[in-house]
Amino acid sequence: MGFEAPRRLVRALGEDDDWLGRLPGIAEETVARLGLGVERVLAPGGRSSLIVLVRLADGTPATLKLPRRGPEPERAALERWDGWGSVRVLPVPEAGDALLLERLHPEVSLRSLPEAKALLEAAGVVRRLWVEPGDGHGFESVAERTERQARALRGLDDPLVTAALDARDELVSDASEDFLLHGSFRQGKVLAGDRAPWLAVGPEPLTGERAYDLARLVRDRAEDLVAASAGASAARRRVGRLADSLDVEPRRLRGWALFRAVESGMRAMAAGRVREAESSLEFASWL
């Protein structure tokens with residue numbers, strides 16, 4: 001079968017991306033090398049990888065992930081968690097630049113639940129992921145990742161950007177935790193499973209304080225909050241509830257939520273995703 005990239009992936013990377021041109025060949029070679037039976041390419045899928053539903057030679061359902069960048073940080077984090085709160089990597093030799101994962105239910109994420117229930121379940125999943133990163137790990141830190149992101153914001157003449165950068169600098173200067181973090185944790189990254197009700201997928205792992213990992217979750221369904229008359233107060237209540245339920249200092253969660261919302265919004269604006277950008281920046285202004 002063909003391995004045409006879903007439109008979401010093409011829009012995210014750009015039609016002229018060299019990897020997209022090579023992707024059908026990469027997928028065909030990987031499937032043949034691993035002896036997989038192909039069911040279908042998952043759409044809309046992700047913004048940085050091709051996801052294919054496959055079966056192993058013995059008929060076991062699995063998910064093949066072909067990421068744009070090397071899979072090693074994600075593989076290392078998933079192996080560290082070993083299925084505790086996250087999808088499992090299947091022990092298939094010679095996977096190369098692919099990830100072969102246990103099959104979850106890709107169409108059923110926490111976003112299918114009412115908001116209050118989704119946040120409760122999300123809290124239960126994310127606390128399982130916060131483990132020691134292990135000796136000799138190669139994960140980048142929150143300070144390193146956010147410094148790279150901050151460089152793209154410095155020099156912008158905008159009060160919200162200035163507030164976000166100030167918050168980031170203060171938080172980094174007195175951080176005291178060093179857990180393995182998911183890095184991109186939100187409701188859409190938690191899927192229904194058979195081995196456990198809900199399991200996290202798609203980490204962008206790094207190490208640091210737990211408040212950073214909650215900062216993207218706080219912004220979930222921001223479009224609904226923006227449309228509501230009491231969106232600002234609802235956003236602040238959400239920060240307080242999540243901080244209380246996971247024993248995180250509200251001030252630190254608010255600061256990371258501000259930085260991550262502004263950074264995401266400005267990046268979306270630069271990419272022409274105006275609606276997404278406006279939603280993130282309005283959310284940031286409420287904090």
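Predicted model: local features only at pLDDT ≥ 70, side-chain atom pairs only at ≥ 80, totals over all residues.

Trainee: Noted. In what order do the four strands of the open sheet come?

Mentor: They run E1-E2-E3-E4, with antiparallel pairing. Strand E1 (37-41) and strand E4 (99-102) are the edge strands, each pairing on one side only. From one strand to the next, the twist averages 35 degrees.

Trainee: How many bridges join E1 to E2?

Mentor: Four bridges join E1 to strand E2 (residues 49-55). As an example, Val 41 has Val 52 in E2 as its bridge partner.

Trainee: And which strands does helix H2 touch?

Mentor: Helix H2 (residues 18-34) packs on that sheet and touches E1, E2 and strand E3 (61-67). The direction of H2 makes about 145 degrees with that of E3.

Trainee: Switching over, what about the sheet with three strands?

Mentor: That one is open too, in the order E5-E7-E8, and its pairing is antiparallel. Strand E5 (105-109) and strand E8 (198-200) each have a single partner strand, so one side of each is left without a neighbour in the sheet. Here the twist averages 55 degrees from one strand to the next.

Trainee: What stands opposite Val 190?

Mentor: Ala 200 in E8. Strand E7 (residues 190-192) and E8 run antiparallel and are joined by three bridges.

Trainee: Now the helices. At what angle do H5 and H10 pack?

Mentor: Helix H5 (residues 142-153) and helix H10 (residues 250-270) pack at about 50 degrees, and their axes are 10 Å apart. The pair therefore counts as oblique. The crossing of H5 past H10 is left-handed.

Trainee: Which residues meet there?

Mentor: From H5 you have Val 142, Thr 146, Gln 149, Ala 150 and Leu 153, and they meet Trp 256, Phe 259, Glu 263 and Met 266 in H10. By class, that contact has six nonpolar, two polar and one charged residues.

Trainee: And how do H7 and H10 cross, left-handed or right-handed?

Mentor: The crossing of H7 and H10 is right-handed. The axes of helix H7 (residues 210-218) and H10 come within 8 Å and cross at roughly 60 degrees, which makes H7 oblique to H10.

Trainee: Which residues of H10 does H7 meet?

Mentor: Arg 252, Leu 253, Trp 256, Ala 257 and Arg 260. On the H7 side, the residues include Tyr 212, Leu 214, Arg 216 and Val 218. By class, the contact of H7 with H10 has eight nonpolar, no polar and four charged residues. Trp 256 of H10 also takes part in the contact with H5.

Trainee: What span should H10 have for its 21 residues?

Mentor: At 1.5 Å a residue it should span 30 Å, and its end C-alpha atoms are 30 Å apart, so the two agree. H10 is followed by Gly 272, which has a positive phi near 85 degrees.

Trainee: Last topic: which residue other than glycine has a positive phi?

Mentor: Asp 82 is one, with phi near 50 degrees. Asp 82 sits in the loop between helix H3 (72-81) and E4. Why point it out? Because most residues other than glycine have a negative phi.

Trainee: And where is the cis peptide bond?

Mentor: The bond from Ala 43 to Pro 44 is cis, with omega near 10 degrees. Pro 44 lies in the loop between E1 and E2.

Methods. Residues numbered from 1 in each chain as written. Heavy atoms only, no water. Pairing = 2+ DSSP bridges. Helix = DSSP H or I, 4+ residues; strand = E, 2+ residues; numbered from the N terminus. Axes fitted to C-alpha atoms, helices over the stretch in contact; angles between N-to-C directions. Parallel < 35°, antiparallel > 145°, perpendicular 65-115°, else oblique. Left-handed = near helix turned anticlockwise from the far one by under 90°. Contact = heavy atoms within 4.5 Å. Nonpolar A, V, L, I, M, F, W, Y, C, P; charged D, E, K, R; others polar. Expected span 1.5 Å × (residues − 1).
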